Amino acid sequence: MTNPGRGANRSGTPGVSPGTTCSRPFPALPADCREWASGTRSCCLNRRVTDPADARDLPSSSPADFSFEIEQRLETAGDGEGAPLGRAGVIRTPHGDIETPAFIPVGTKATVKAMLPETVADLGGQAVLANAYHLFLQPGSDLIDEAGGLGTFMNWSGPTFTDSGGFQVMSLGVGFKKVISMEENAYQSDEVIAENKERLAHVDEDGVTFKSFLNGDRHRFTPEVSMQIQHQLGADIIFAFDECTTLLNTRRYQEDSVARTERWAVRCLDEHARQTEARPHRPYQALFGVVQGAQYEDLRRRAARGLAELTGDEARDQRFDGFGIGGALEKSQLGTIVGWVNEELPEDKPRHLLGISEPEDLFVAIAAGADTFDCVAPSRQARGGTMYSSSGRINAKAATQRRRFEPLDPECDCYTCANYTAAYLHHLFKAKEMLASTLATIHNERYIVRLVERIRASIVDGTFAELREETLGRLARR
Ligand SMILES: [Zn+2]
């Protein structure tokens, strides 16, 4: 994605210009934006917060408002084996287009931490992914519904995603973070999700009961509840409620879990159809099924085939609009596993890979046919002072940065590198100033967004292999 406004804004203020109509051609204006633009209301990202009453009057929409087109395919497979799966395309949503492959910045609680939504757009972010579980607990999905939906609430007029909350429910359920780790581990046991009074969540056939991490209140998530919450949040792309297992679970548990996730998927399709029908005043929301199956080829392929063909029990016409690839992925197996899944999924629907952002992983996953990605790592690492660069990681707090009176990464085109030195960033971190997080996050998010933009361009012009070799070669030499 090239954001034509970004270059022009490099030296400008990355903030809001209240009340002005933006001339920046932010991803094709959505239908509702065109409505605003034709009236007196200013539009695009620099508009002021929308009156919720207006948002409720948006024209109704249909599944036809969501689509995916492939523009160009990779000519060779990423690893030199099998059929090529990578592609460049465009996802069209009611709130604008997403040129793929695309990295989607994460705004868990309806904010990309330390960033104005306007800044996220300026650095080329095409969409934002928020978390249904967090927003359900705070401020409440009903409140966001009342505000006019997630995008309106956070003043983001582009496309939005919400994940189903399944991952958070499970990660709290198992009670400790390391089991969600994607690292290989020889120890396998279902103890991590077996009966355990200490954990915050419990999985059964019908759904998940969990305790709020905020106040200990008990809540119940079922496929139906997850769909209702995600319809209230109103994101353009939402995910079916799935059970996210870990590499530590036994094969037997993985089998049971994949089967349960498919049963939940049918219920999600039915509830999605009911909600879509009951809320005709809202733009159409695309529902993605989530493929699980851990590291097992037969389970991954079976899960993908099953979800590709699935319809609701009652809503026989309702199918998934796209797919998420979730769960435990060993880093060394990433391309192989994503390849298994994408060989089974229909080619004409988009595929979102949950939770990756490392440069080498992006090349591998894109070559294996993934279209969009999200990950908290770029912003989380930025807030800790770990900065990405074209020649490898830089610790912004290191003594080597103290007198570096040049941009953190002289090859970077972000707002931070255009206007501030590594020495200044170092000072902000050492002084524990809030601005450190903002400037650092702008840089890391832009680094990943730009890398994926360049990968997309390389697919279109047939230079993917060269770009991969050059980029990863430089990182490896560090
Ligand atoms: Zn930069």
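How many of the 478 residues of the protein chain count as buried? The share is 52%. A residue is buried if 20 or more other C-beta atoms lie within 10 Å of its own, exposed if 12 or fewer, and partly exposed in between, with C-beta atoms placed from the backbone. The model is predicted: local features need pLDDT of at least 70, side-chain atom pairs count only at pLDDT 80 or more, and totals for chains, interfaces and linings use all residues. Residues are numbered from 1 along each chain as its sequence is written.

The protein chain holds 18 helices and 16 strands. These elements are DSSP runs, numbered from the N terminus: helices are H or I with at least four residues, and strands are E with at least two. Contacts were also examined. Two residues are in contact if their C-beta atoms, placed from the backbone, lie within 7 Å. Among contacts between residues at least 6 apart in sequence, 71% join residues at least 24 apart.

Strands of a sheet pair through backbone hydrogen bonds, either parallel or antiparallel. Here two strands count as paired if DSSP finds at least two bridges between them.

Strand β2 spans residues 87-93. Six of its seven residues are buried, so β2 is largely enclosed by the rest of the structure. Six bridges join β2 to β1 (residues 67-73). In this pair, Ile70 has Gly89 of β2 as its bridge partner. Five bridges join β2 to β3 (residues 96-100). Gly89 has Thr100 as its bridge partner in β3. Ile91 stands opposite Ile98 in β3.

A second open sheet has eight strands, with parallel pairing. Its order is β4-β14-β13-β12-β11-β10-β6-β5. The edge strands are β4 (102-104) and β5 (128-131), and each pairs on one side only. The twist averages 25° from one strand to the next. Within this sheet, four bridges join β11 (residues 286-291) to β12 (residues 322-325), which run parallel. Val290 stands opposite Gly324 in β12.

A helix pair was examined as well. Helices α9 (residues 223-233) and α10 (residues 251-278) pack at an angle of about 40°, with their axes 8 Å apart. That makes α9 oblique to α10. Angles under 35 degrees count as roughly parallel, over 145 as roughly antiparallel, 65 to 115 as roughly perpendicular and the rest as oblique. On the α9 side, Pro223, Glu224, Met227, Gln228 and His231 make the contact. They meet Trp264, Arg267, Cys268, Glu271, His272 and Gln275 in α10. By class, the contact has four nonpolar, four polar and three charged residues. Ala, Val, Leu, Ile, Met, Phe, Trp, Tyr, Cys and Pro count as nonpolar, Asp, Glu, Lys and Arg as charged, and the others, Gly among them, as polar.

Key: Axes are lines fitted to C-alpha atoms, for helices over the stretch in contact, and angles run from 0 to 180 degrees between N-to-C directions.
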